[in-house]
Each structure stands twice: as structure tokens, then as C-alpha cells.
Amino acid sequence: MGRGCGAENGGKRKKKDRDLDELKKEVSLGLTNARAAEILARDGPNALTPPPTTPEWVKFCRQLFGGFSMLLWTGAVLCFLAYSIQVATEDEPLYLGVVLAAVVIITGCFSYFQEAKSSRIMDSFKKMVPQQAMVIREGEKMQINAELVVQGDLVEIKGGDRIPADLRVISSSGCKVDNSSLTGESEPQTRSPEFTHDNPLETRNICFFSTNCVEGTAHGIVIFTGDRTVMGRIATLASELQVRRTPINIEIEHFIHIITGVAVFLGFSFFILSFILGYTWLEAVIFLIGIIVANVPEGLLATVTVCLTLTAKRMAKKNCLVKNLEAVETLGSTSTICSDKTGTLTQNRMTVAHMWFDNQIHEADTTEDQTGLGFDKSSATWAALSRVAGLCNRADFKAGQEHLPILMLSIHEVEDNPSGHILVMKGAPERILDRCSTIMIHGQEHPLDENWRDAFQNAYMELGGLGERVLGFCHLNLSSSQFPRGYTFDCDDTNFPTEQLCFLGLISMIDPPRAAVPDAVGKCRSAGIKVIMVTGDHPITAKAIAKGRLIFDNLKKSIAYTLTSNIPEISPFLLFIIANVPLPLGTVTILCIDLGTDMVPAISLAYETAESDIMKRQPRNPKTDKLVNERLISMAYGQIALKPESLRQSSCSEFMVVINITDIEILNIDVHQKFWHFLLRMNLWMFRPVQYTCRGMIQALGGFFTYFVILAENGFLPKHLVGIRIKWDDREVNDLEDSYGQQWTYEQRKIVEFTCHTAFFASIVVVQWADLIICKTRRNSLFQQGMKNRILIFGLFVETALAAFLSYCPGMDIALRMYPLKYALHMYISTEPKNNLLKT
């Protein structure tokens, strides 16, 4: 029984020895290819499992059916429904329904394409530089894809390599790694085979996946791969967190809710009013569609997407890739920056700040570019002190000696004495002083008496009181007879003197701030941003915050510009329904404004430079400072009261342009003299000193002015237009009389009406010129901001050229029912109320 037990124990021992031999073999030769293939099949590739992503078709559907799109889809469906009911009489609903559906599909595709750009860039980065790893298998080095690294692999790393997996170091030569991405530690960390700490994140014999080797070489055994690495576990935890909506996402959703609410409220209000006024339900539906189309800024979401994309591209030029476009603006809401000190606010290098020698304290130059004041370097004591500081600057710290005083000592051959040596030492000032018997003053050694000790103590206290790290320095010229060249110095069994040295002086050091830090922190404070010294960020973030804020400013400008045309687009339908007049502006023409002439100018505001006070404002409060607030809505839809003294204090000019465009002369009779009194009254009214003004209202007035002028010059004076709509739109009526008794056929009336649409459209475009210049700034005067935005100037030309193309291109009378304009342009200019009172 005993022999059996002994045999069993012997068998276990032999198996353990064999396993140990195999382990030693693996450590020296690495895994076999067959074994590596088995482990790869068992554990899977060495890669992090990507977080669950939203399918592309879902993203596309969100763009196609989200936000304003549902309103437009509803309008399109109603148009198709209306056409199916009155198919034999009118094709207008079908035409409008097709246009609305096309608008939604095109803008949805555009927005989806812009959103998909960033994710494609991220994927291209991954494919551009596939991660490689140097492994040793079967005793041979081979470079493989990092995803093929398996547990147990013997990996070689060197300076510049990325650690392919979690490794246990088995050998190293001056290896240091950058763990900042994992632990936030800015200093490179030494890696060696020694186990130095129970915490895996602190011990020196572990290298972590995705960190970088900055210098030296090392060999290590892979202990974890993929999701099982420390970084993989962190990534898994992070992916389980609920993604919060970005501030700009909340703002855009808030804006959509406001505009949708306004559109639905006005639409259904006038839908009901239409019934009360005696319209059929089909006519009421057409009115509803028109008001919804007039309220919804169809091209605005595409404009917002372009604005965010442009900013993301700017940041990409600064080596900052934005994965989520809506996250670009988040920095604009920053109220607190928590920053690390070492290497972030500071230069991450200890720099000499003050020195004490020759019984005087000298100030050193601590500026990053060495442009500060210096000191007199002619003293012999300074020469000796600087020599010790230069020579005695490297040491290896051994574990287990924390209780010992730290002194750095080195011995060097002296150039001016062929057979001599010099011993140099630095360390804690009081420790250095205890080892000295003399002190050097102006190049001469003096006995270190109590007076000099008191002087040392005073200097030490003064430098220490500055919060600086103080070191003491001394030296000793060794006897050439006792320590000739070739003498073997033994640091373990000291065979040279370490007492009776000559004290040279004190040097105090600081980690000075980076050159850009004071200005950056000052800008942050002037912007109401707190800077707290903890860990993890960089003060240069102030520049990013200014660009974050710029996004919000420019988006607000784009929205203000776009919404201004809502009043001149809505008011024609209101007058059409209430006063029963011919329609002043058609729905297709509205789409030409929203998706045509307004697009490039609105996008051009994204290129506007920051205003001078952008970093002097308090941080935006996401809960109260909305992208679309009451003030902006009042500018677009309502009126703002202006005091007379405000007009007198006006600092720059804002243009109110009213366009009078007459159409082709269909009639032979001259009605200009009969209409001149009406035109004169309109002009006098327009030039009155107004106390109430609004850009949207001004555009509407300009449009209605052209509408009434064209109809009046063709025989239909304003007083005869009220209640004429039913006969005007009746195909069977071909003898409708105007104010002068002339008879008009249905086709002739429609040519005049569509010419009015084109003139109304042109007047909006012209007033939008001025509106675009007004929207350039929210607070600054135009003279302060200047006209340096070339894209904006280009946008003005594009807007004008497109309007001319739509008005005069042959075939547009059939495609868009827009007729060419003739005769004169009458432009009237009024003064601008001060920007600060009008700008949102």
C-alpha cells in the first residue's frame, strides 16, 4: 500500500516536472502553431466586441419619418386623397403631393448621407492601419495580425509599439509604457519582471492592452485577450451605460415641437375657420396643407446637419474626429473644466526656479521658450554648482529602501587634472549640509560655521515657502595620489569619502505652467467657466469651447434667417382664406424658397467667424437658454417694440427693401395714373417713422406690396379683390370684370395670379438679402464683424441667380407656374434699429 502511494506521488511529481519543462519551453520558444490555433478557436479573436449598432435601414427611416417629415408626409397623403376625390376637375393636389413626397425623400437622403459620413471615416481609420504584433512561436519571430494573438503567446514589444493584449513581463530592457489612456497617469511607467504591488494596475510586471510602449524593449506572456483584458472589461461596462441625448439634440427636438405645434394649431384653426366661412371640406384641406407647408422650414434640418458637419470637419483638421455630429455642440454648454496639473496645466518637467549661492537668491528663467530674465553667470561658485547639477542627474531607485535618506552621488574624472577625480552629490538640503565642513563663496572655500548655517537655514526656509522643491549640492576634489585614474570605486562597500564635503548652494524647482495656460484659463474665467485642477483635460479646451459656442451661435443665426420667411409664406394663405382674395403665393413657390433660394445663404452662416465677445459671455444654461426661444420666435412671427431713442442711438444700417415688380402688360389701357394715388399712399406709409418693426412682417409687407401693385396695374384694385376668389378660381367663368370693366378669361387670370406668385417670391428673396446680412451677428455691429465670410457673399449671388433662373428660365411657367417679370425695380431703404435690440 505504501509502495503504491509512493508510486502515485512519484507519478504526480514527474507530471508536474513535465508540465514545468513544457512551460519553460513555451517561455523560451513560444507556443506551437497548432497550439495557438487551438486556443484561437477556443477563445476567439483578440478584439473587443463592438457595441450593438442601429441597422442602417432604421437610421434611414428615422431621417425619412422623423421631425418635420411626418407633417409633410401627412400633407402629401392629404393631397393624394384630395386628388382621388376630385380627379376629374383639378390636378393641383396631385402635383403638390408629388412635390411634398419628393422633398421629404430628398432631404431625408441628404441628412442620412451626412450622418453616415463620420461613421465611414471611423471605419476607414480601422482599415487603414491594421494592428500588428511581434510574437515568438516555435522559437521563431513572426509578425501577425494582433487579432490572432492568443493567451500564452510570447510577445516582443519595443518603443513605439502598441501593446496587443494584457501581458505579464518576463524580461525587459529599459521598457516604459504610457498608461494614460487607462489610468490617467501622464508619466511613462517602468515595466520589469518584478512583482511590486498587489493591485494589477500598479504592479510593474503587467502591460495592458491598447497602451503604448514609449521606449525600451520587453518580452511578455499573454494572460488575457479581447474582452477579457482590463480595457475590454472597461469597454463592456461603458457600452452598458445608457446613452444620454446631447444638448443640441434636445434643442432641435424642442424646436421641432414648437414649429410643429404652431403649424398644426394654425392649420386646424383655419381648417375650422374655412368651414365657418362656407368653404367645402376639400378646399379646407387644401388650405390646411398650404399653411403646414408655409410653417415648416423644409430645408432647415438639412442646414443644421451641414452646419454640424462643417464644424466636425474643422475639428478633424485639428486631429479631433467627431463620431457623433450632435456631440460637436456639447462643449458650448461647458461650465466647469476639471484639469490635471502635471503635464496638463504644467510642462511636466521640473525646471529650476531659484538658486541660492554666494549668499544670494537668484531667479531663473522658467518660461517655456526661455524668453525671461536671466542672472549673472560669471561667478565661480555658479560654475561649480552647475557642474554638479549637470553631472549628478541619473540614479536607479532600488525597492525596499524607502526608509533610507535619498542622496545621489557620482564620481567623475576631471578634465583639467589628468589624474584626478571629483565626487558630486545632491539630495535633501539638510542631509547634504550635514556631510559638509566647508562652503564655497565667490569661488573660495570657507569653514561652515554657525553664521553660514544660519544663512543656509534662512535661504532654505524662504525657498521652501515658495512651494518649490529644494535640493542641496556639494562636491569634493579627490586626492589624485589616493584615488588615481583607474581606481575601482565600490558603491556597495564604500571605499571613498562621503563626509567633509564642500557645500555649493541650493536649487529650487517647480513644474512651470505651459505658456498658453494663463491666457486659456483667463479666457475660461472671463467666460464664466470654472477651472478646477484635478485630472484629465487640457486648458487649450478653451479654444474648443469657443468653437463649441460658435456652433450654437451660428445655428441660432441660421434658424433666425430661415424662420424670418415664415410670415410672408403664411400670411398669403391667411389673407386668401379670410378676405377671399386670389392666392398671393403658391405652395410650390414656397418650396422654391425653403429648399432653393434660402438653402445656401442659411448654410453660409455656419462659416461665420466668432463674434468678439463670444468668450466673455456666461456659459449657456441648457435648461433655460434654448436654441429657439421667445425672442427669436417674436422676431420671426411677431413684432418687437422699439423706443424712439433706440432709433436715434442706432449704430449701423439695416436695410428694409420693398420691391415693386410689374408684370407683362396684358391690357392696352393705361391704368398707372388712376393707380398712382394708391402707390403714393403706400410709399408714404412705408416711410413713416415706425416704432414697431419685424423682419418677417417687413418681408410680408414687401410681398403684398408687389401683389397689390401687379393686380392694380392690370385692372384689379385692392378694394375690388375682397370676395372675388370663388369667381377667380372658377374655370367656367371667362368674363370676370376688373375695376375698369374689362373682362378676363380663366387662363388670363391665372397668368396674372402666377405672376403675382413670382413677384411675391422675388420680393422675399430681395428682402432676404438684407436679412442675411442682419443675421450675420447677434450682438456685434456689422462694422465690427465685417464682410469677411466669402461663403455668405457667394450665397447672396447663388440666391439671386437661382431666383432669376426660376423666374426667367423657359418652361418654368409649366413646371413651377412661375412667370417672367418685367418693368422696374423700386427699392426703398430705411434705417436699422440697433442690432442689440433686434438680434436674438
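Helices here are DSSP runs of H or I with at least four residues, strands are E runs of at least two, and both are numbered from the N terminus.

**Entry 1: the whole chain**

I am working with a predicted model. I looked up the secondary structure of the protein chain and found 30 helices and 21 strands. Next I asked how much of the chain is buried. Of its 840 residues, 46% are buried. I then looked up the accessible surface, which comes to about 42,700 Å². Carbon and sulfur atoms hold 58% of that surface. Residues 24 or more positions apart account for 75% of them.

**Entry 2: T381**

I went to helix α12, which covers residues 380–391, and picked out T381. Is T381 buried or exposed? Its relative accessible area is 0%, so T381 is buried, since the cut-off for buried is under 20%.

What does the side chain of T381 reach? I noted two partners. The side chain of D358 makes a polar contact with the side chain of T381 at 2.7 Å. The backbone nitrogen of H442 lies 3.0 Å from the side chain of T381.

I also listed the contacts of T381, leaving aside neighbours within four places in sequence. They are F357, D358, M440, I441, H442, G443 and L504. D358 and H442 are on that list too.

**Entry 3: a nonpolar patch**

Which residues make the nonpolar patch of about 390 Å²? I wrote down L81, I85, F275 and W281. I followed up L81, which sits in helix α4, residues 69–85. L81 has 43% relative accessibility, so it counts as partly exposed.

**Entry 4: two positive phi values**

I looked up backbone angles next. N580 is not a glycine, yet its phi is positive, about 60°. I placed N580 in the loop between α17 (566–578) and α18 (587–597). Its relative accessible area is 16%, so N580 is buried.

R817 also has a positive phi, near 60°, and is a residue other than glycine. Where is R817? I found R817 in the loop between α29 (812–815) and α30 (835–838). With a relative accessible area of 23%, R817 is partly exposed.

Technical notes:
Residues numbered from 1 in each chain as written. Predicted model: local features only at pLDDT ≥ 70, side-chain atom pairs only at ≥ 80, totals over all residues. Heavy atoms only, no water. Patch = residues over 30% accessible without salt bridge, like charges linked within 9 Å, V, L, I, M, F, W, Y side chains within 5 Å. Areas by Shrake-Rupley, 256 points an atom, 1.4 Å probe, with all protein chains shown as cover. Salt bridge = Lys/Arg side-chain N within 4 Å of Asp/Glu carboxyl O. Buried < 20%, exposed > 50% of the residue type's maximum accessible area, 1.4 Å probe, protein only. Contact = heavy atoms within 4.5 Å. Polar contact = N/O pair within 3.5 Å; in protein donor to acceptor, adjacent residues only side chain to side chain.
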